[in-house]
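Here are my notes on this one, in the order I'd go through them. Have it open in your viewer while you read.

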Amino acid sequence: MGKIEMEAGKPVVPDRVSIPYIEGDGVGAEITPVAQAVIDAAVKKCYGGTRAIEWLEVLAGEKSFNAVGTWLPDATLDAFRYYLVGIKGPLTTPVGGGMRSLNVALRQELDLYVCLRPVRWYKGVVSPVKEPQKVDMHIFRENTEDIYAGIEWAAGTPEARKFYDFLAGEMGVTKVRFPETSAFGVKPVSQEGCERLVRSAIEYAVDRRLPSVTLVHKGNIMKFTEGGFKNWGYALAEREFFDPTFTMNRYEAIKKEQGAAAAREALATAEAAGRVIVKDVIADAFLQNTLLIPEEYSVIATLNLNGDYISDQLAAMVGGIGIAPGANINYKTGHAVFEATHGTAPDIAGQNVVNPSSLLLSGAMMLDYLGWAEAAQAIEAALERTFGQHRATNDLARFMENGETLSTTAFGEAVIKNL
Ligand code: NAD
């Protein structure tokens with residue numbers, strides 16, 4: 001079995017490839033074997049015996065703690081580092097004891113700066129919105145910075161006091177309303193961090209001939225962090241992607257110089273030529289618009305916290321977290337960890353009722369990333385066929401008209417039959 005290498009910025013994948021995986025806690029033990037069986041069946045169906053995955057189990061989470069006494073062994077990080085691409089089930093975040101989230105640790109250790117969440121609707125899945133077929137978005141969430149960096153101090157600690165003294169004494173800050181009882185957090189947002197995220201989003205849109213990239217931000221309030229994201233994003237599009245894109249900055253410039261009609265014409269010409277339109281929108285307006293005019297959005301580029309909220313809302317619009325896939329990617333080094341986006345679902349663990357689709361679709365994203373697009377498409381089509389037959393796990397089947405509830409394993413078998 002072979003390992004993936006990066007050559008000229010692209011992963012080069014051997015026909016027999018080793019993929020490390022973390023089974024995951026809670027429902028992980030149920031969804032992981034089902035997802036692997038469907039992925040293996042799709043690869044076999046599409047490529048006969050010429051391509052195959054060798055699954056290498058690595059430890060993390062509770063299973064790891066029980067086996068070797070640590071939550072995230074160095075050997076696991078080393079495996080993801082060495083093999084470049086891996087997949088994981090959900091992990092318990094140990095509460096208290098200063099232990100940080102294992103997911104965050106993985107992202108930071110491998111510098112997985114993009115959290116990619118494609119969101120589309122599958123025929124047959126019941127949605128709370130009237131026209132879910134209009135939802136087809138690809139969220140690029142910045143994964144390493146923002147208020148998520150974990151730089152914060154609890155109220156009443158000497159650190160919070162010291163930080164406040166610095167703000168008040170050296171920076172002349174007078175706006176802290178209740179200094180004695182304030183906790184503080186720091187929101188680092190860098191030019192490099194924003195640029196690499198926006199660059200990945202634009203490259204993705206250009207490669208896939210998608211119509212637009214929208215920079216979602218709160219730059220009206222946080223002028224230098226969120227506003228910086230917007231400004232650096234537009235500047236990068238102009239500088240590195242002048243031909244394949246048309247930015248709304250350019251639109252505004254034409255409008256100023258030549259009038260509104262000329263700007264509208266330039267935009268229409270760019271759209272007709274298949275250029276990627278780069279635009280921006282304030283985060284709160286965006287959340288409203290996703291419900292009112294979802295068809296206006298394709299690729300979404302946004303900072304970490306906005307991306308967190310947006311991912312869950314969009315997932316809910318197409319059927320919930322049980323079928324929302326995700327990946328954490330560093331497009332420069334090639335490192336990528338594909339993952340179920342839901343948690344360990346302790347309330348239903350061990351009952352063979354959990355929906356394996358999130359991990360399964362993450363597996364399809366992984367196949368696509370490897371360049372095994374036929375197998376990825378086969379999985380998506382088989383899943384859609386299964387939902388179209390009104391067959392699903394309980395989380396989705398209970399809302400379907402004449403829905404037939406299948407167990408996790410029976411659902412996996414139904415998808416394999418539909419390949
Ligand atoms: P959760 O996603 O585990 O569960 C929320 C609700 O959704 C539960 O009712 C659950 O039964 C249901 N659900 C989740 N996935 C489902 C699926 N595939 N099929 C059917 N129903 C599903 O969130 P939580 O309860 O807030 O968190 C539980 C644990 O998971 C915590 O320790 C948390 O830290 C961890 N967590 C891990 C990840 C990750 O590893 N990426 C993400 C979120 C939460």
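**Ligand site and sheet**

1. Start with the ligand: 21 residues surround it, and the closest are Leu-91, Gly-343, Ala-345, Asp-347 and Asn-355. Bear in mind that this is a predicted model.

2. By class, that shell is made up of eight nonpolar, nine polar and four charged residues.

3. Two of them use the protein backbone: a backbone N or O atom of Gly-343 sits 2.7 Å from an oxygen atom of the ligand, and a polar backbone atom of Leu-91 is 2.8 Å from a ligand oxygen. His-342 comes in with its side chain instead, placing a polar atom 3.2 Å from a nitrogen atom of the ligand. As for cover, the ligand taken alone exposes 810 Å², and the protein buries 67% of that.

4. On to the sheet. It is open, with eleven strands and mixed pairing, and the order reads β4-β3-β5-β15-β14-β6-β7-β13-β10-β12-β11. Which strands stand at the edges? They are β4 (52-57) and β11 (245-247); each has a single partner strand, so one side of each is left without a neighbour in the sheet. On average, neighbouring strands here are turned by 25° against each other, direction ignored.

5. As a reminder, strands of a sheet pair through backbone hydrogen bonds, either parallel or antiparallel.

Key:
Residues numbered from 1 in each chain as written. Predicted model: local features only at pLDDT ≥ 70, side-chain atom pairs only at ≥ 80, totals over all residues. Heavy atoms only, no water. Near = heavy atom within 4 Å. Polar contact = N/O pair within 3.5 Å; in protein donor to acceptor, adjacent residues only side chain to side chain. Areas by Shrake-Rupley, 256 points an atom, 1.4 Å probe, with all protein chains shown as cover. Nonpolar A, V, L, I, M, F, W, Y, C, P; charged D, E, K, R; others polar. Pairing = 2+ DSSP bridges. Helix = DSSP H or I, 4+ residues; strand = E, 2+ residues; numbered from the N terminus. Axes fitted to C-alpha atoms, helices over the stretch in contact; angles between N-to-C directions.
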